[in-house]
Amino acid sequence: KSPAYTGRITVPVLWDKHSEQIVSNESADIVRMLAQCFDPEHRLVPPEMLPEIDGWNALIHPRVNNGVYRAGFARTQDAYDSAVTDLFQALDQL
């Protein structure tokens, strides 16, 4: 960590060592990038599965992953109640 940096540090992170920049800190994006960047004969994700994976990610990311944060960092009881309700409805769908 740079002594001048006062922001929050998050993981995972995909770091480009050549440009010395963060490419992404979103786990779903990192997995997608890694799954598609290498030898096409040895893909980590079969292309025919991508629509189903995208569908699950569309549910899980905003409502479960972010839902936990929305509940945990809620500043009002109403915001907390809304986040928890949405989170548990998503968990019921899973």
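Visitor: What makes helix H1 (residues 27-36) and H2 roughly antiparallel?

Guide: The axes of H1 and H2 come within 12 Å and cross at roughly 165°. Axes here are lines fitted to C-alpha atoms, for helices over the stretch in contact, with angles running from 0 to 180 degrees between N-to-C directions. Angles under 35 degrees count as roughly parallel, over 145 as roughly antiparallel, 65 to 115 as roughly perpendicular, and the rest as oblique. H1 and H2 are therefore roughly antiparallel.

Visitor: What kind of model is this?

Guide: The model is predicted; local features need pLDDT of at least 70, side-chain atom pairs count only at pLDDT 80 or more, and totals for chains, interfaces and linings use all residues. Residues are numbered from 1 along each chain as its sequence is written, and side-chain values use heavy atoms, leaving out hydrogens and water.

Visitor: What makes Asp 54 and Arg 32 a salt bridge?

Guide: A salt bridge needs a side-chain nitrogen of Lys or Arg within 4 Å of a carboxyl oxygen of Asp or Glu. For Asp 54 and Arg 32 the N to O distance is 2.3 Å, so the pair qualifies. Helices are DSSP runs (H or I, at least four residues), as are strands (E, at least two), numbered from the N terminus.

Visitor: Why is Asp 54 called partly exposed?

Guide: Its relative accessible area is 35%. Buried means under 20%, exposed over 50%, and partly exposed in between (1.4 Å probe, protein chains only). Asp 54 therefore counts as partly exposed. Arg 32, at 27%, is also partly exposed.

Visitor: Which residues are joined into one salt-bridge network?

Guide: Asp 86 forms a salt bridge with Arg 70, the closest N and O atoms being 3.6 Å apart. Salt bridges that share partners join Arg 63, Arg 70 and Asp 86 into one network. Arg 63 meets Asp 86 at 2.9 Å between the closest N and O atoms. Arg 63 and Asp 86 are buried, whereas Arg 70 is partly exposed at 37%.

Visitor: Why is Glu 20 called exposed?

Guide: Glu 20 has 59% relative accessibility, so it counts as exposed. Glu 20 sits in the loop between strand S1 (14-16) and strand S2 (21-24).
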